[in-house]
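Hello,

Here is the structure I promised to pass on to you. Please have a look at it first, and then read my notes below.

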Amino acid sequence: MFEAVTDGLQAYSKSETLNSINNCEAFDKEGNELLDEFNLSLENGNMLPLFECSLCTWRKPLKLRLFIGHARHSYLSNLKSTRTSSISCSTNSEKEPSNITDIQLANAKVIYSVASATGHNQESHPESNLRVPAIVDTLEKLELTPKYRNSEIIEIQHFNPASVEDISSVHERAYVLGLEKVMEKASEQGILFIEGSGPTYATASTFQDSLLAAGAGLAVVDAVVAASKKSPEPPSGFALIRPPGHHAVPTGPMGFCVFGNIAVAARYAQRVHGLKRVFIIDFDVHHGNGTHDAFYEDPDIYFLSTHQDGSYPGTGKIHEVGSGKGEGTSLNLPLPGGSGDVAMRTVFDEVIVPCAQRFKPDIILVSAGYDGHVLDHLASLQLTTGTYYMLSASIIQLAKELCGGRCVFFLEGGYNLQSLSYSVADTFRAFLGEPSRASEFDNPAFLYEEPSTRIKQAIQKVKAIHSL
Ligand SMILES: [Zn+2]
């Protein structure tokens with residue numbers, strides 16, 4: 001790992017700053033010692049983080065790989081788990097939130113956790129710290145919280161951050177620890193933008209906030225799995241968390257995402273709960289490239305993504321089906337812009353259901369992005385609040401049929417606070433088995449005709465490729 005990082009540094013320096021690097025006396029031909037001589041600073045006014053050498057005038061904008069090297073150098077021996085000791089165990093190895101009783105778990109229909117990451121924020125950025133509070137406020141207003149529903153809806157109030165070990169089951173340890181190191185600088189210098197990661201930012205609390213988000217997801221997995229041992233109809237889970245995760249790749253952050261929350265949870269479900277076969281559905285409008293990359297060669301984790309064709313980050317082509325032992329366990333369905341409710345109903349019936357039935361999962365995890373909503377301006381699908389209700393109700397029904405009802409949703413995108421909040425609220429209603437109230441929010445006047453011929457072609461093509 002460290003060699004790769006060193007290689008990255010050398011390649012970078014040769015192409016752009018060969019002379020100044022070579023003039024620096026601290027530079028060692030292996031690149032190792034050099035790393036400790038670099039500091040991070042902010043250029044006056046432009047908020048771009050820079051590396052600068054303390055022994056010469058060399059300065060360059062942040063390249064995350066440099067940070068990885070730096071942190072790896074300093075922090076490798078400090079690895080420790082913070083999670084495993086702090087949630088009380090019930091039976092065997094399964095862990096259950098200590099503040100929720102068995103009876104409560106068995107009777108609940110919805111169990112959720114909230115990690116708002118209030119310190120992880122950039123003004124005017126769509127992935128802002130207003131998102132989760134907006135959802136929670138709407139749930140409250142629509143009487144979909146424990147305060148109004150007694151035992152039907154449970155919020156997990158106490159959970160622990162994910163440990164470095166948990167995160168490192170998906171991400172390279174050097175990245176995880178490198179991010180931790182960045183925090184020291186961020187606390188002194190404010191917000192950082194991570195070059196090469198899409199518009200992903202980091203603030204002083206990003207590392208802890210991201211561990212907490214992932215931990216909030218694991219706590220819901222623990223609760224749903226524990227409940228499934230006691231009831232044939234366990235509650236459906238929802239981790240209302242940010243920063244989102246599905247773009248974060250094994251080597252770093254990407255596209256507003258820091259750690260792959262759902263990927264970490266998939267590995268955790270396998271390792272801690274012995275749930276070998278994990279089926280991941282990603283209905284965010286963007287391709288979940290991070291999750292895709294993490295499991296592309298893994299036959300036990302099926303990754304099924306629907307996304308808008310041509311949207312960020314441009315990955316997830318229909319012919320990408322997995323490789324090696326994982327060949328056939330990745331399904332990518334790019335849908336044409338303008339696809340809406342009719343398209344998603346067809347996709348669910350003709351693609352998602354037969355895939356899941358054939359795979360026979362032990363648990364279903366869902367990357368629940370609400371940015372395909374017609375009112376969300378980051379893309380141009382025409383999903384509605386009602387579409388999200390349909391998807392949620394159908395997915396939990398599938399989980400009941402295939403894997404003892406074990407199903408956990410993870411918040412991904414969704415940037416129009418209203419459509420995001422109402423759509424999550426309708427997902428809760430689907431979990432509760434109550435009628436949708438989408439018609440109170442959705443306005444058919446916003447919709448236009450779906451490109452049905454192109455949708456049909458895409459669905460037929462993916463069915464042919466995967467023999468569905
Ligand atoms: Zn998205």
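Which residue in β8 is the bridge partner of Val110? In β8, Ser236 is the residue that bridges to Val110.

Before going further, two notes on how to read this. The model is predicted, so to speak: local features need pLDDT of at least 70, side-chain atom pairs count only at pLDDT 80 or more, and totals for chains, interfaces and linings use all residues. Residues are numbered from 1 along each chain as its sequence is written.

The overall picture

The chain holds 15 helices and 13 strands; these are DSSP runs numbered from the N terminus, with helices being H or I of at least four residues and strands being E of at least two. Of its 468 residues, 52% count as buried. Here, buried takes 20 or more other C-beta atoms within 10 Å of a residue's own, exposed takes 12 or fewer, and partly exposed is in between, with C-beta atoms placed from the backbone. Among contacts with a separation of 6 or more, 76% come from residues 24 or more positions apart; a contact has the two C-beta atoms, placed from the backbone, within 7 Å.

The sheet

Eight strands form an open sheet with parallel pairing, in the order β5-β4-β8-β13-β12-β9-β10-β11. Two strands pair if DSSP finds at least two bridges between them. At the edges are β5 (153-155) and β11 (330-335), each pairing on one side only. On average, neighbouring strands of this sheet are turned by 15° against each other, direction ignored. Angles run from 0 to 180 degrees between N-to-C directions, and axes are lines fitted to C-alpha atoms, for helices over the stretch in contact.

The bridge I asked about belongs to the parallel pair β4 (residues 110-115) and β8 (residues 236-241), which are joined by 6 bridges. Helix α13 (residues 385-402) packs on the sheet and touches β8, β9 (278-282), β12 (363-368) and β13 (407-411). The direction of α13 makes about 165° with that of β12.

Cys407 is buried, because 29 other C-beta atoms lie within 10 Å. Leaving out residues up to four places away in sequence, Cys407 touches Ser236, Gly237, Ile364, Val366, Ile395, Ile396 and Ala399. The C-alpha atoms of Cys407 and Val221 are 8.2 Å apart, although the two residues are 186 residues apart along the chain.

Two helix pairs

Helix α5 (residues 131-141) and helix α14 (residues 417-432) pack at about 50°, with axes 9 Å apart. The two are therefore oblique to each other, where under 35 degrees is roughly parallel, over 145 roughly antiparallel, 65 to 115 roughly perpendicular and the rest oblique. Their contact includes Ala134 and Ile135 of α5 and Leu420 and Phe428 of α14. Helix α5 also holds Asp137, which counts as partly exposed because it has 13 C-beta neighbours inside 10 Å.

Ala343, Thr346, Val347, Glu350 and Val351 of α12 meet Ile455, Ile459, Val462 and Lys463 of α15.

Enjoy exploring!
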